[in-house]
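My notes follow in the order I looked things up.

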Amino acid sequence: MKSYIFVLIKVMSLFRYNVILTSKKQIKRSCGSRKLMPQQLFCLRVQYEQGVSKNNSNIKEQRSDKLDSVAKDLLPAKSIHHSVNKFLNAKVHHQRSISKYSLTGQQLKKEYFHLGKNNYQITPVNRCLISGNLYGISRKLLRIKENLSHPLVVQYSTTVNQWSAAGNQPTVDNSRSNMADTEHPATGFHHVKCPSTAHGGPAVSDDDVQLMNDARKIFDEAVESVLPHHLVRNKLKLSQSGTVLKVDEAEYRLQKNVYVIGFGKAVIGMARAVDDSIGEHIVKGVISVPVGIQQMFNEEGKQDMLVKPDSRIKVMEGAPGNLPDEAAHEAAREIIKIAEAVKEDDILIVLISGGGSALLPSPKPPVTLKDMLSLTRLMSRSGANIVQMNTVRKEIEILKGGGLAKLAQPAKIISLILSDIIGDPLDFIACGPTVKNACTLEDSTRVLDELNIWSSIPQSVNKLLKEEHNKRLEGDRENVNWSLVQNVLVGSNKSACEAACARSSSLGYLPYLLSTQVEGEAQDVGRMYISLAKYISLGLKESVQKEELSDLEKKLVNTFKITTEKLREMQVLAQQAVTSGKKGVCIVAGGETTVIVKGKGIGGRNQEMAVAAALQLENQFPNLGKVHGSSQLPVPTNVVFLAAGTDGIDGPNPAAGGVISVGFKADAAVAGLDVVDFLSRNDTYTLLSQVDQGLNHVITGHTGTNVMDIHILLITTS
């Protein structure tokens, strides 16, 4: 750790001496009252030094100009000097947070008081959930740390030492050049692109790293395609007069009669899109969003995902860790007030996305918020999927299962829905507040029986399910005029998967969309993908044991329900990749798995899936990447698997998921880590943080959308 701190300080000293001092005039001219984010400035200066090292004056001119042009589009701040100093001073926080995004008890206590949190509890979950400056600093530090071993950075650091010893500073070529064709560093959720992601440990090759970078790019494109503000703007069509709103085939007369409510991880971006489109007609609005999301988006430069300061839509934050709390309950009460107040000539726009259930808690008496939370935790730890969770929630809450639509009668309702459930059943997304409920009491009790938790649920829930269900089952349905409700699906996992396929094709792979309805236990699904890779690879060999191929096929068909036709298609695709000179094949899938919690570790379903896949990868491909010069048709030279959540969140930690290659287990062993032990304790976040300096983590920050998870399997051929 001491050596790392020394290298970090040396690298960051470049900001202070080479950037702040020697480029002082240029930066002042370029930035004015704006700033470069530290990691962006770092990347630009590394690119500039690459030009210097090659003694290429044209590259130097381009890099210098790039520093100018990018600076003009960045976040407002007091000065670059303040930004860099703040980043340097953050080292007092990074010693524990750099690899785990966690903090010491003292630091956490201090930051909680700084953020105005009077009540806090020092737990691993709290350390991972903490948002604000320390969270942002931790992620920036990790990005720097991941890149410290890159040869260009090593050379860069060495050059700094030479400059310091000689007492000289390099000069910056301030000449201008056309940068229209030069890509700027990403300022959104994308991974840092320059310098390249770190070289891995001894068992991870450069090819592994490149493949993992490809997988990240494919995942990024999938997320980009389902960002909520794009999706909503495509659905809302305004007439030239600005008085008629068209949504699909339905038309609505606008006369300052619009009310907006919303709940979910992605609705803040959806609300911004609605506000931009018809803001002058909005009378009032309330949206319930995850705690810390506004500060996070501000820090990451995503102001276009936030409602404007003068908006009539009130933003309320709650549900830390995706669990209902009193703040979310208060937001639900505000939403109920608006729903009850709208009249016949009014239009109620309802924005719904994944996470909406936790952000809209409205328990029916005698069930309390505490009872609801106990039930949610109980079902989650028992392996309940989202459909099972929502089946029960619709029975015990006021607004779920069409309850919101009932309260808003006789107003017209436009419900814009971003799906986070397999198959896109509208009545289950956020528990279907504006959709007719087809579930019965028997469905709820059957779920509790299947999970074997009926005897453990809170007494109040038991009482409600047995005595009060008839009040909603028939009476509520008869009082709702569903012709006044328009439910519109604006985005789904399928559209994200299709975008991923398109991106993989542009990167040189032949894509195959396997499924958008993947579910099951996370570890089992992770192993399934590697078995699929093995099956595809066997189809590339001229001679293969038919029994081995047949056994593998039976397992994939019977256990994982992949049809024989799809298996044959993927084998043919792999053969085409070989004969056409493509990099290989990219299998894309989506869905949402579950984890049966057995330990007390920190992790998530996608990280669990990736680690399980890594173990299976070593077992199925013991000689992966070592077969060359064979007279047979080429076998795969590498396999990489990525699993990540499109919302950027994978459990109560800052990671979105994981990406692995065949060398993962060996590198973990070098670090003295037992992969099987970590997996058995559900502590995959900790494991991935400690192997190869976090190289195998997928970290995007909160993306602002949520259409379940994306799985990417890359199989390359020589």
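These entries cover helix pairs, rings and a few backbone points.

**Entry: ground rules.** I note that this is a predicted model, where local features need pLDDT of at least 70, side-chain atom pairs count only at pLDDT 80 or more, and totals for chains, interfaces and linings use all residues. Residues are numbered from 1 along each chain as its sequence is written, and side-chain values use heavy atoms, with hydrogens and water left out.

**Entry: helix α16 and helix α17.** I take helices (H or I, at least four residues) and strands (E, at least two) as DSSP runs, numbered from the N terminus. I looked up α16 (residues 369-381) and α17 (residues 386-396). Their axes come within 11 Å and cross at roughly 160°. Axes here are lines fitted to C-alpha atoms, for helices over the stretch in contact, with angles from 0 to 180 degrees between N-to-C directions. α16 and α17 are therefore roughly antiparallel to each other. I use these cut-offs: under 35 degrees is roughly parallel, over 145 roughly antiparallel, 65 to 115 roughly perpendicular and the rest oblique. The crossing of α16 and α17 is right-handed. A crossing is left-handed if the near helix is turned anticlockwise from the far one by less than a right angle, and right-handed if clockwise.

Which residues of α16 and α17 make the contact? From α16 I list Met-372, Leu-375, Thr-376, Met-379 and Ser-380. From α17 I list Gln-388, Met-389, Val-392, Arg-393 and Ile-396. Contact means heavy atoms within 4.5 Å. By class, I find 6 nonpolar, 3 polar and 1 charged residues in the contact of α16 with α17. Ala, Val, Leu, Ile, Met, Phe, Trp, Tyr, Cys and Pro count as nonpolar, Asp, Glu, Lys and Arg as charged, and the others, Gly among them, as polar.

**Entry: helix α12 and helix α13.** The axes of α12 (residues 228-235) and α13 (residues 267-278) come within 7 Å and cross at roughly 40°. α12 and α13 are therefore oblique to each other. Their crossing is right-handed. α12 brings Pro-228, His-229, Val-232 and Arg-233 to the contact. Among the residues they meet in α13 are Met-270, Arg-272 and Asp-276. I note 5 nonpolar, 3 polar and 3 charged residues in the contact of α12 with α13.

**Entry: helix α23 and helix α24.** α23 (residues 522-538) and α24 (residues 546-558) have axes that come within 10 Å and cross at roughly 145°. Is the crossing of α23 and α24 left-handed or right-handed? I find it left-handed. The contact includes Leu-532 and Lys-534 of α23, and Leu-552 and Glu-553 of α24. The contact of α23 with α24 has 7 nonpolar, 1 polar and 4 charged residues.

**Entry: charges over rings.** Lys-534 also lies over the face of Phe-621, at 5.3 Å from the ring centre. Lys-394 lies over the face of Phe-428, at 4.0 Å. The rule asks for NZ of Lys or CZ of Arg within 6 Å of the ring centre and within 35 degrees of the ring normal.

**Entry: backbone.** A cis peptide bond joins Pro-365 and Pro-366, with omega about 10°. Pro-366 sits in the loop between β7 (347-352) and α16. The bond from Gln-409 to Pro-410 is cis, with omega near 10°. Pro-410 is in the loop between α18 (403-408) and β8 (412-418).
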